[in-house]
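Here are some notes on the model you sent. They are set out as numbered points, to be read beside the structure.

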Amino acid sequence: MVAPFGRRTVQITRSDTVGAYRVLHAADPEGPAPVAGQFAMLQSVERWGGGEDERPYLPRAFSYARFAGGEAQFLLEDVGPGTNRLDELTVGDEMWLLGPLGVGFSAPADGRRALLVGGGVGIAPLVIWQDTLLEQGTQALALLGFRDRARAQAAELLRDARVASDDGSVGHHGLVLDLLQRELDQDAHAVVYACGPAAMLEAVRAECERRKLPAQLALESGMACGFGACFGCVVPSRDGYLRVCVDGPVIDAARLERVDQHAGASP
Ligand SMILES: Cc1cc2nc3c(=O)[nH]c(=O)nc-3n(C[C@H](O)[C@H](O)[C@H](O)COP(=O)(O)OP(=O)(O)OC[C@H]3O[C@@H](n4cnc5c(N)ncnc54)[C@H](O)[C@@H]3O)c2cc1C
Ligand code: FES
């Protein structure tokens with residue numbers, strides 16, 4: 001799905017706290033439905049830039065977490081001025097939205113099942129991807145890792161997710177990679193889909209390479225434009241540099257020698 005040429009205003013219809021995160025709903029009746037894994041560039045219409053230090057200035061990138069009935073949902077973590085401003089929006093406020101942008105996930109081939117591996121706010125694109133796969137009748141088990149209990153509450157956005165937490169407050173005490181290894185030891189006929197911090201993505205990539213398993217990684221990278229013009233989002237690949245916004249954000253793991261340190265969700 002290709003974005004219409006130009007940004008449009010959308011109105012906030014709902015804003016929910018989910019543990020440490022926010023789920024922002026926005027009416028976007030004109031917006032084309034995204035493919036899971038695609039993203040939008042967002043900024044509030046009011047109070048965005050122009051302050052003393054001009055931050056936030058550029059729009060920020062967010063994965064579609066859901067899209068239904070002309071309403072988009074985004075899962076946000078407040079980590080800086082842009083996410084803080086979006087976090088403040090309430091019903092009736094307006095945002096500028098440019099999207100859907102980029103390349104999304106593609107479905108498993110050969111009757112393989114899907115394993116969705118998410119870390120922190122990086123679970124966002126896996127929410128819509130699990131919905132899509134389950135609708136198609138494809139098995140899609142979610143394995144999610146969080147820092148703590150407050151963040152782990154977002155696991156409720158996915159169906160029957162298995163959870164790991166860094167502090168042991170919820171689910172498995174340890175890394176989501178442990179859950180993935182356990183699953184693959186039982187049945188390795190799978191395609192792995194992952195989004196999360198760079199260290200997690202790199203661990204998933206290396207594990208799938210070792211097992212010769214297909215994997216699709218949703219990368220993140222600092223983005224200025226979101227549509228291929230600024231080259232601000234490049235990451236190295238086996239065949240040269242890729243622009244995460246147009247060559248990704250979903251990239252076949254086999255194209256990457258490693259996941260660059262800056263190419264993951266905020267830890
Ligand atoms: C394709 C894509 C999809 C994304 N989806 C989501 C999402 O669904 N939910 C969500 O909460 N966030 C998502 N992000 C990350 C989000 O864009 C950043 O958190 C946001 O830009 C931070 O802006 P800020 O002004 O709040 O903080 P800033 O002060 O700009 O950044 C705060 C911290 O986050 C780091 N950071 C900023 N942008 C990125 C980035 N793009 N990737 C990795 N680290 C970054 C900075 O280095 C800094 O340490 C996504 C990013 C991309 C590229
Ligand atoms: S964000 Fe501008 S080229 Fe990717």
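1. A definition is needed before the helix is discussed: axes are lines fitted to C-alpha atoms, for helices over the stretch in contact, and angles run from 0 to 180 degrees between N-to-C directions. Please also keep in mind that this is a predicted model.

2. On that basis, helix α2, residues 124–135, lies across β4, β5 and β6 (71–76). The helix runs at about 45° to β5.

3. Domain 1 gives 18 residues to the contact and domain 2 gives 21 residues. On the side of domain 1 that touches domain 2, the elements with two or more residues are β3 (39–44), β4 (60–63) and β5 (66–68). By class, that side of domain 1 has 13 nonpolar, three polar and two charged residues.

4. The sheet is open and has seven strands, in the order β4-β3-β7-β1-β2-β6-β5, with antiparallel pairing. Because β4 and β5 stand at the edges with a single partner strand each, one side of each is left without a neighbour in the sheet. From one strand to the next the twist averages 35°. As background, strands of a sheet pair through backbone hydrogen bonds, either parallel or antiparallel.

5. Strand β3 can be followed through its two pairings. With β4 it runs antiparallel, joined by four bridges; L42 has R60 of β4 as its bridge partner, and F39 has S63 of β4. With strand β7, residues 94–101, β3 pairs in the antiparallel sense over five bridges. In β7 the bridge partner of F39 is L101.

6. A26 is in strand β2, residues 21–27. Why does A26 count as buried? The cut-off is 20 or more other C-beta atoms within 10 Å, and A26 has 25 within 10 Å.

7. Which residues does A26 touch, leaving out those up to four places away in sequence? They are V10, Q11, I12, T13, E71, A72, M95 and L97. A26 and D93 are 67 residues apart in sequence, and their C-alpha atoms are 9.4 Å apart in space.

Notes. Residues are numbered from 1 along each chain as its sequence is written. Chains are lettered from A and ligands numbered from 1 in the order in which they are written. This is a predicted model: local features need pLDDT of at least 70, side-chain atom pairs count only at pLDDT 80 or more; totals for chains, interfaces and linings use all residues. Two residues are in contact if their C-beta atoms, placed from the backbone, lie within 7 Å. Ala, Val, Leu, Ile, Met, Phe, Trp, Tyr, Cys and Pro count as nonpolar, Asp, Glu, Lys and Arg as charged, and the others, Gly among them, as polar. Two strands pair if DSSP finds at least two bridges between them. A residue is buried if 20 or more other C-beta atoms lie within 10 Å of its own, exposed if 12 or fewer, and partly exposed in between; C-beta atoms are placed from the backbone.
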